[in-house]
Structure formats: C-alpha cells, structure tokens
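Hello,

Please look at the coordinates alongside the text.

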Amino acid sequence: MKHSDAHTTRKDMGSEQVVPLTLGVLYPGEMGSVLGGLLRKQGFRTITTLAGRSKRTRKLCRHAQLEVVHSLQQLVDSADIVLSTVHPDSAPKVAEEYCACRSGKARQQCFVDLNSIAPATVAHIESMLADADVDFVDGAVHGMAAQLTTFGTIYLSGASAPAVAVVLERAARTRVLGDRAGAASAFKMLISGVNKGVTALLVEVCLAAREVDLLEPFFASCGEAYPGLMSILERTLPSYPQHAPRRVQELREAAQMVADVGLRPRMIESARQVIGEISAAGLPSDNVRSAIQILAELHAREVLKQSQLPDSITCQRSVE
C-alpha cells in the first residue's frame with residue numbers, strides 16, 4: 001500500500017486519473033468525527049454511513065461535514081482506507097461486518113483499527129481481515145478528541161503502518177511503532193493504565209480530603225507540588241460524566257493485556273473499580289464542570305463509600 005498525499009492515481013479505460021483518496025470512518029462518534037473532519041479539511045474524501053446510528057452520531061457527522069453514503073456496503077466499495085473508531089466492545093463486531101461486505105472483493109484496501117483494545121483482541125481482528133485479504137494496521141489514539149491536534153498522538157503498527165502514517169499525520173502527530181500488529185494497542189494499554197490509574201488515585205485521595213474539609217487547600221497544594229499529575233486530573237475528570245463507562249472498558253482491556261503477559265493487574269483492577277463507581281454514580285453530562293466541581297458532586301453522592309461494587313461493573317474476565 002503506497003499513498004503519498006491526499007490523492008491517488010487510478011487507471012480508467014487506459015488513461016490515468018487523479019482522484020481524491022477516499023477514507024471511510026466507522027463510525028463518527030466523538031473521535032471518529034473529529035479525525036474525519038480534520039482529514040476532510042486536508043483534501044481527503046471522507047465518508048461514513050449512518051445506517052442504524054444514534055441521533056448524537058448523526059449530529060457529530062453533520063458538524064464534521066462528512067460525506068454520508070447509504071450503507072456499509074457502499075462505504076466498503078468506495079474507500080481506500082477504512083478507519084474503525086468505536087467503543088472497545090464493538091471493535092470485533094465492526095470488523096466482522098466489514099469483512100462480510102468484502103466478500104469476493106479483490107480491490108486493495110486497508111483497515112485501520114484505532115480502538116482501545118488489548119493485543120489479544122487485535123490478533124482476532126487481524127485474523128479476520130487476513131481471511132478477507134485486507135491490509136491491516138493496528139492503531140491507537142492517545143489524547144482526547146477535542147485536543148487531538150494539540151496534545152494527541154496516533155500510534156500505528158503493522159506492515160502498512162508507514163503508508164497509513166503519511167495519511168493520518170495530515171490530521172495529528174503520528175508515530176509508527178514497528179511492523180508488528182498489536183504493538184500500537186499494547187502501547188495504548190500501557191498509557192491508558194497510567195492515565196486512568198493516576199485519575200483514580202487522585203479521585204480517591206481528594207474525596208478523603210473532602211471528608212476532612214481540606215479539599216480546596218489539598219487540591220491547591222498538590223497543584224504546586226505535583227503539577228503534572230494534577231493536570232491529568234484537571235484535563236480528564238471533566239470528561240468522565242460522559243465517558244466513564246468507556247474508561248471502565250478500556251481498563252478491562254488493559255487488565256487483560258497485563259494478565260496475558262503473565263502479570264497480575266492489581267493496580268489497574270483497582271483503578272477500574274474506582275472509575276466503575278464514578279460511572280455508576282450517573283453524573284449528568286449535559287454541562288461543563290471543573291475537576292473540583294465534579295469531586296464535590298462525587299462526594300455528595302457518596303462515591304467510594306459503597307461497601308460493594310455494582311454487578312454491572314464486576315470484571316467479566318479472570319485476570320488472576
């Protein structure tokens with residue numbers, strides 16, 4: 001797979017025709033719509049399908065001005081590169097649906113999985129795509145969608161990763177981690193464990209500080225002593241009312257990776273339980289609040305005072 005810019009050359013009836021490179025986005029949630037919109041502005045034809053998608057997805061798609069095609073089949077028939085940007089739980093199913101649409105197709109195509117999934121899940125998806133004769137690139141995005149161009153990095157691995165990097169680096173900083181699929185996802189699990197682990201620890205100690213009426217001076221002191229750590233909390237915690245359920249699943253994938261390499265993911269599992277309780281608190285996500293405001297809400301709802309985690313966030317896999 002070789003793509004040097006936003007266009008590619010195709011031969012049509014004996015003549016060469018330069019046409020925009022077509023990128024398919026499955027599906028335009030927050031990250032998919034932001035990335036797709038950035039790539040569209042760089043001159044790529046960026047398409048998606050909204051068949052069976054939510055009102056929120058439709059709204060994000062319109063905001064990003066992505067071109068909408070009627071079906072997944074039409075997207076697969078049109079795209080040169082397909083980007084999967086969905087919830088970790090949905091990644092294998094989306095890849096399976098994509099492969100079903102590829103049945104009998106000989107056209108060269110590359111499928112890029114940008115989801116927060118463990119390397120074992122990546123290997124399963126890679127196997128499906130190999131059977132469908134599709135180039136596969138394992139990818140991961142570090143950073144929030146709203147700050148993708150300033151603080152985000154897209155990590156890629158796999159044989160076609162350098163070619164895909166040429167495309168995606170037009171939208172955000174991109175790093176290739178080698179030609180072995182799974183490396184990018186493993187890297188994401190490591191980063192995810194640190195990011196969410198720090199958030200979970202700080203939430204716990206800040207709630208303890210609130211119990212003894214010392215939250216504000218403690219928060220300020222930590223900001224002076226540990227500015228880097230507190231910046232993580234201040235940057236990420238405001239997104240948790242909307243994204244905590246997804247963060248729980250991402251930590252479950254991270255725990256699975258740690259278990260797969262023969263370690264016991266005790267700290268990651270503890271972080272998953274803390275963030276699971278934040279998710280179960282059901283904070284409204286319709287307004288913007290600071291980290292310290294969210295901490296006050298969590299305290300009012302007695303988060304972390306529960307004697308037992310809800311069944312809905314109990315780990316579904318054995319990681320011991």
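This is a predicted model: local features need pLDDT of at least 70, side-chain atom pairs count only at pLDDT 80 or more; totals for chains, interfaces and linings use all residues.

Eight strands make up an open sheet with mixed pairing, in the order E5-E4-E3-E6-E7-E8-E9-E10. The edges are taken by strand E5 (67-69) and strand E10 (173-176); each has a single partner strand, so one side of each lacks a neighbour in the sheet. On average, and ignoring direction, neighbouring strands of this sheet are turned by 30° against each other.

Thr-22 has Arg-45 in E4 as its bridge partner.

Helix H5 (residues 119-131) packs on the sheet, where it touches strand E7 (110-113) and strand E8 (135-142). The direction of H5 makes about 150° with that of E8.

**H4 against H5**

H5 also meets helix H4 (residues 91-101): the two axes come within 10 Å and cross at roughly 5°. With angles under 35 degrees counted as roughly parallel, H4 is therefore roughly parallel to H5. On the H4 side the contact is made by Ala-91, Pro-92, Ala-95, Glu-96, Tyr-98 and Cys-99. The residues of H5 that take part are Thr-121, His-124, Ile-125, Met-128 and Leu-129.

**H9 and its surroundings**

Which residues of helix H9 (residues 215-225) are buried? They are Leu-215, Phe-219 and Cys-222. Viewed down the axis of H9, these buried residues fall within an arc of 65°, so they line one face of the helix. Exposed residues Glu-216 and Glu-224 sit on the face of H9 that is turned away from its buried side.

The cover over the buried residues of H9 includes helix H8 (183-211), helix H10 (227-236) and helix H13 (291-300). For H9 and H10, the axes come within 6 Å and cross at roughly 125°, which means that H9 is oblique to H10. Here Phe-219, Cys-222, Gly-223, Glu-224 and Ala-225 of H9 meet Pro-227, Met-230, Leu-233 and Glu-234 of H10.

**Nonpolar cores**

The largest nonpolar core has 36 residues. Those touching the most other members are Val-203, Phe-219, Leu-233, Leu-237, Ile-278, Leu-295 and Leu-298. At least two residues of this core come from each of H8, H9, H10, helix H11 (240-260), helix H12 (266-280) and H13. Apart from its neighbours within four places in sequence, Leu-298 is in contact with Val-203, Leu-207, Ile-278, Ala-281, Leu-283 and Val-303.

There is also a second, separate core of 26 residues, among them Ala-95, Tyr-98, Phe-136 and Ala-181.

Gly-178 lies in the loop between E10 and H8. Is Gly-178 buried, partly exposed or exposed? Its relative accessibility is 29%, so Gly-178 counts as partly exposed. Gly-178 and Ala-159 are separated by 19 residues in sequence and by 7.8 Å in space, C-alpha to C-alpha. Neighbours within four places in sequence aside, Gly-178 is in contact with Leu-156, Ser-157, Gly-158 and Ala-161.

Regards

Notes. Residues are numbered from 1 along each chain as its sequence is written. Side-chain values use heavy atoms; hydrogens and water are left out. Two strands pair if DSSP finds at least two bridges between them. Helices (H or I, at least four residues) and strands (E, at least two) are DSSP runs, numbered from the N terminus. Axes are lines fitted to C-alpha atoms, for helices over the stretch in contact, and angles run from 0 to 180 degrees between N-to-C directions. Contact means heavy atoms within 4.5 Å. Buried means under 20% relative accessible area, exposed over 50%, partly exposed in between (1.4 Å probe, protein chains only). The arc is that of the directions from the helix axis to the C-beta atoms. A nonpolar core is a set of buried Ala, Val, Leu, Ile, Met, Phe, Trp, Tyr and Cys residues joined through side-chain atoms within 4.5 Å. Angles under 35 degrees count as roughly parallel, over 145 as roughly antiparallel, 65 to 115 as roughly perpendicular and the rest as oblique.
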